[in-house]
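Thanks for coming, everyone. Please have the sequence and the 3D view open while I talk.

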Amino acid sequence: MLARLAWLVALGGLAVFGPSAIAQRSVKIGFVSTLSGGGAALGIDIRDGFNLALRHLNNQIGGLPVEVIVADDQQNPDVARQAVERFLRRDRVDFITGIVFSNILLAVGDTIFESKVFYISPNAGPSEYAGEQCNPFFINAAWQNDNLHEAMGHYVQTRRFENVFLLAPNYPAGRDALTGFKRFYKGSIAAEVYFRLNQLDFAVEIAQIRAARPKAVYLFAPGAMGINFIKQYADSGLRLQIPLFLPGFSADQDTIRAVGSALVGVFNSSHWALELANPINQRFVDDFQKVYGRIPTLYAAQGYDTALLLDNAVRAVGGDLTKKEELRRAMLAGFNSTRGFVRFSPNGFPIQNYYLRQVTQLPNGEIRNRLVGTIFTNHRDAYVQKCPLK
Amino acid sequence: MTALLVFEQILNSLQYGLMLFLLAAGLTLVLGIMDMINLAHGSLYMLGAYIAASVYMATGDFVLAVAGAALGMGVVGLLLEFAVVRHLYHRDHLTQVLATFALILIFNELVRIFWGPQPLLMSVPPALSGPIELLPGLYYPTYRLLIIGVGLVLAVGLFWLVNRTRMGMWVRAGASNREMARAMGVDIRILFRILFALGAALAGIAGAFLGPIFAVQVGMGENVLTTLIVAIVIGGIGSIKGAFVGALMVGFVDTAGRAFLPLLFYHLASPDVASNLGPTLASVLIYVLMAVVLFFRPQGLFPVRT
Amino acid sequence: MIRLLPWLFIAFLGVFPLLAPGGGEDFYVSVLTKVMIYSIAATSLNLILGYGGMVSFGHAAYFGSASYALAILMREGIVSPWLLWTVPLILSVILSFFVGAIVLRTKGLYFIMITFAFAQMMYYVAISFKQYGGEDGLKAGRAHLPFLYLDDMAFYYVTLAALILSLGVLRKLLRSRFGLVLQASKENELRTIVLGYNVYSIRLIAFVISGALAGLAGMLMAQHTQFVTPYHLSWHFSGHLIMMVILGGAGRFWGGVLGATVLSGIEELFQNLTIHWQLFVGVFMLAVAFFGQGGLIRFVGGRK
């Protein structure tokens with residue numbers, strides 16, 4: 001009789017205190033990104049930025065020890081799906097992050113959300129997740145795909161360039177890019193060309209540009225695509241005749257390293273800059289160069305910020321990751337990042353400034369981006385109205 | 001759409017077709033004479049590009065880079081033939097498919113280990129960057145013009161080799177009837193070895209020249225392999241002339257398709273449809289071409305064996 | 001005893017989900033489902049490659065097109081399980097008939113390269129339709145039967161049933177006159193023709209049956225992962241299937257099953273060991289090509 005009572009008490013105690021007694025001992029993060037192939041530079045930068053932040057946080061997120069499992073998606077949706085499947089079913093991660101390309105994200109997003117696991121995007125921000133299909137388990141720490149292009153469209157419009165030739169790869173982010181550009185650029189469009197994703201020879205497109213004789217060219221081409229286009233554009237002689245405008249993606253250090261002086265003078269838009277004067281950014285830029293021996297790109301800053309976002313949120317819920325709603329609230333409320341304090345809209349996308357940068361050559365020969373001005377202040381994405389989430 | 005645009009695109013297709021020919025020539029000889037399917041030919045091209053990029057980065061001398069790729073791949077070809085390929089001649093096609101497919105995986109990974117997972121970026125040599133004015137108003141990148149020149153020179157060289165030299169005679173004999181050639185005293189083993197090495201060297205040269213245009217990255221061989229096979233099937237297995245014609249046809253159809261089909265759709269339909277249908281229809285076009293050719297000539301345009 | 005091993009494996013497959021407790025184990029149920037699907041596909045290829053001597057480098061086409069058919073039907077709002085389970089199969093049959101009719105007129109290297117090229121063509125056609133996902137693939141789902149809701153466990157058993165069915169079809173075929181003539185045509189085509197058999201027709205029929213089974217596998221795959229990707233239409237996948245057949249034992253009854261299982265296991269093993277696992281898979285494949293006459297089945301026994 002007494003034994004039975006003891007058992008009941010024990011069971012009752014376990015039921016009441018159990019869940020929190022067996023509280024989260026560590027935070028498990030699944031990091032899947034493009035670490036090989038033409039887009040590898042982006043994934044590697046995001047990963048390095050993320051790891052640097054973890055180092056600054058003493059390998060803890062919100063005070064809990066963190067375990068990161070890294071996988072390479074090889075820019076292949078199928079491979080990404082398998083990695084995510086492993087994260088969710090075998091490793092039982094608490095968060096997933098890392099994906100560079102929007103098409104890859106769209107292939108795995110729903111699976112992650114259905115498992116009620118948060119996906120924090122350090123890069124890809126497809127419009128599909130910003131509007132009607134927004135999801136409480138999706139938070140984007142970087143930007144919505146259209147944003148940097150909207151900023152450039154606005155700038156080109158104010159500079160009164162007519163007859164712009166547009167190019168982007170034929171995939172969701174490419175379409176988002178030109179949609180965003182056209183949202184703010186109201187002039188005439190010479191042509192809107194979507195080339196194949198990962199295409200590397202642009203002789204055909206450059207010939208078309210030459211024949212169309214536009215006043216300016218706007219290009220979105222991340223990674224190796226952009227590098228190749230810019231080199232070939234310079235080789236064709238058009239570079240000096242028809243100015244090229246770029247979003248920050250195609251004009252950051254990875255591209256500069258590969259292309260060199262062909263980029264000098266080009267204006268580009270970005271949500272972040274090396275010179276942004278806040279202590280987090282200064283520490284990030286300095287340490288990144290010390291640890292990795294290269295100047296960070298905006299991708300690295302995004303990776304860094306993702307870790308900070310997670311740290312802030314997990315701290316806010318006291319390490320109890322079962323409190324999903326509170327976690328979400330904590331993330332949306334905002335955090336201190338390399339761009340200053342950043343808040344989020346209910347659809348999970350950030351509200352922030354967008355800056356104008358110009359690729360400049362310093363007297364010592366080094367080529368880097370220089371912050372020139374501000375294009376948008378506290379800019380929201382264009383799809384938030386359609387999102388039913390609060 | 002102007003005449004200048006058309007002319008420029010014709011030059012583009014010539015450039016693409018000629019590079020394809022360098023790759024196709026090596027492969028078709030191996031297929032035709034040794035009756036061996038070598039899926040790893042694309043990997044030889046990739047390795048050539050990597051060697052060229054490395055030499056160029058180290059020395060800054062483009063000529064040295066190309067020479068390094070050619071020689072290096074020639075040596076690799078010899079070694080590969082000796083170590084692996086020669087054991088495959090007498091095996092059935094299935095084994096050849098499997099073995100050379102395995103070689104693709106091995107080469108890809110070895111390159112990744114040795115050079116890292118990120119693409120190597122090789123720039124066009126400064127002397128050749130920038131355009132040349134061919135006709136009033138028609139500018140064309142100098143470098144691509146060089147490729148066309150080199151491609152034509154090598155094509156002529158190969159024709160001369162195959163049609164005017166003794167070795168070429170052996171090659172043609174071996175292609176049309178291997179046993180008979182052997183019976184007539186041709187040392188097939190040495191011939192095969194030289195041929196394989198030559199094919200590898202040509203692939204290396206193509207890789208070296210295309211390196212600055214494309215990124216030098218793992219997997220670049222596979223992308224080109226499918227186009228290569230179509231070109232060879234169209235041209236006829238075993239025939240250099242066939243490889244030449246096949247490669248140029250494929251180059252032309254592919255470039256024209258990418259250049260003009262989207263424009264056509266742009267005029268006929270909305271930009272959305274044009275951007276979706278146009279480019280991808282262009283990639284299917286070369287297969288349509290292949291099907292059409294095969295319908296009239298099941299063995300390709302210039303088959304060596306009847 | 002050794003001869004019973006394949007049957008033991010089937011039995012193991014039968015009870016595994018019941019034994020495995022909850023927790024991370026559902027991951028392995030999922031893995032085994034995939035292995036079974038690949039086994040069906042490899043067995044279908046074994047029929048024409050191992051028994052028929054046709055080196056088809058384009059087998060992925062029938063697998064992938066059935067997958068895509070299912071996904072597209074679902075995308076267009078079709079929910080009837082009758083349609084969802086039959087239309088993709090019918091498509092595979094039609095496709096393999098038309099392609100087979102053309103390519104079986106060629107031989108040797110041409111056959112290999114033309115099947116390769118046809119498969120690539122279908123790959124490019126599939127990825128050209130942006131509304132159906134293009135290169136990124138397309139979502140699919142489970143085609144729940146009226147009497148059975150296909151959760152992971154149920155689907156596992158449906159797949160197992162399909163595997164047993166496929167093996168049954170193969171067995172029936174091989175023992176029939178048709179099967180004997182097919183194998184004869186592989187050994188000596190000329191003699192078979194001279195004996196009065198229409199080798200072309202027999203090969204075509206085998207090609208179509210093989211395509212149908214591959215379509216069955218493809219349809220199951222689409223439902224299993226609830227997603228279709230162009231990879232399953234690519235020549236890479238065709239090459240993978242060929243490897244499975246050779247590894248297991250071309251022309252041996254259990255060759256497809258053994259090859260699919262071992263290859264999946266090896267890849268999983270290597271993937272966990274090193275990031276450069278593809279190198280080891282490649283070396284392994286090379287070794288199999290050179291030394292693996294008859295395939296691993298030699299070590300396991302079993303009948304032809």
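**Two residues, two interfaces**

Let's start with Gln358(A), which sits in strand S14, residues 350-361 of chain A. Keep in mind that this is a predicted model. Is Gln358(A) buried or exposed? Its relative accessibility is 17%, and buried means under 20%, so Gln358(A) counts as buried.

Now find His149(A). It lies in helix H5 of chain A, residues 147-158. His149(A) has a relative accessible area of 0%, so it is buried. Again we skip residues up to four places away in sequence. The contacts of His149(A) then include the aromatic names Phe181(A), Tyr218(A), Phe220(A) and Phe249(A). Ala177(A), Gly180(A) and Pro247(A) touch His149(A) too.

His149(A) and Arg55(A) are 94 residues apart in sequence. In space, their C-alpha atoms are 33 Å apart.

Next, the interfaces. The size of an interface is often given as the accessible area lost when the parts come together.

Take chain B with chain C. About 3800 Å² is buried between chain B and chain C, and carbon and sulfur atoms give 83% of that. Which residues of chain B lose the most area to chain C? They are Leu94(B), Leu98(B) and Phe101(B), together 18% of what that side buries. The contact takes 43 residues from chain B and 38 residues from chain C.

How many salt bridges are there between chain B and chain C? The count is zero. There are four residue pairs in polar contact across the interface of chain B and chain C. H4(B) provides the largest share, 16 residues. By type, the side of chain B that touches chain C has 29 nonpolar, nine polar and five charged residues.

Now chain C with chain A. Here about 1700 Å² is buried, 41% of it on carbon and sulfur atoms. Chain C puts in 23 residues and chain A puts in 18 residues. This time the count of salt bridges is four. Here is a salt bridge to look for: Glu268(C) and Arg90(A), with their side chains at 3.9 Å, N to O. Chain C and chain A also have four residue pairs in polar contact.

Which helices of chain C each supply at least two residues of the side that touches chain A? They are helix H2 (25-51), helix H5 (108-128) and helix H11 (255-273) of chain C. The largest share, five residues, comes from H2(C). The side of chain C that touches chain A divides into six nonpolar, nine polar and eight charged residues.

Last topic: confidence. For chain C the mean pLDDT is 86, and 93% of its residues reach 70 or more. Within chain C, confidence is highest in helix H9 (residues 199-225), at 94. Helix H13 (residues 297-300) of chain C is lowest, at a mean of 64. For the complex, the predictor gives an ipTM of 0.83 and a pTM of 0.84.

Conventions: Residues numbered from 1 in each chain as written. Chains lettered and ligands numbered in written order. Predicted model: local features only at pLDDT ≥ 70, side-chain atom pairs only at ≥ 80, totals over all residues. Heavy atoms only, no water. pLDDT = per-residue confidence, 0-100. Helix = DSSP H or I, 4+ residues; strand = E, 2+ residues; numbered from the N terminus. Contact = heavy atoms within 4.5 Å. Buried area = accessible area lost by both parts, 1.4 Å probe. Polar contact = N/O pair within 3.5 Å; in protein donor to acceptor, adjacent residues only side chain to side chain. Nonpolar A, V, L, I, M, F, W, Y, C, P; charged D, E, K, R; others polar. Buried < 20%, exposed > 50% of the residue type's maximum accessible area, 1.4 Å probe, protein only.
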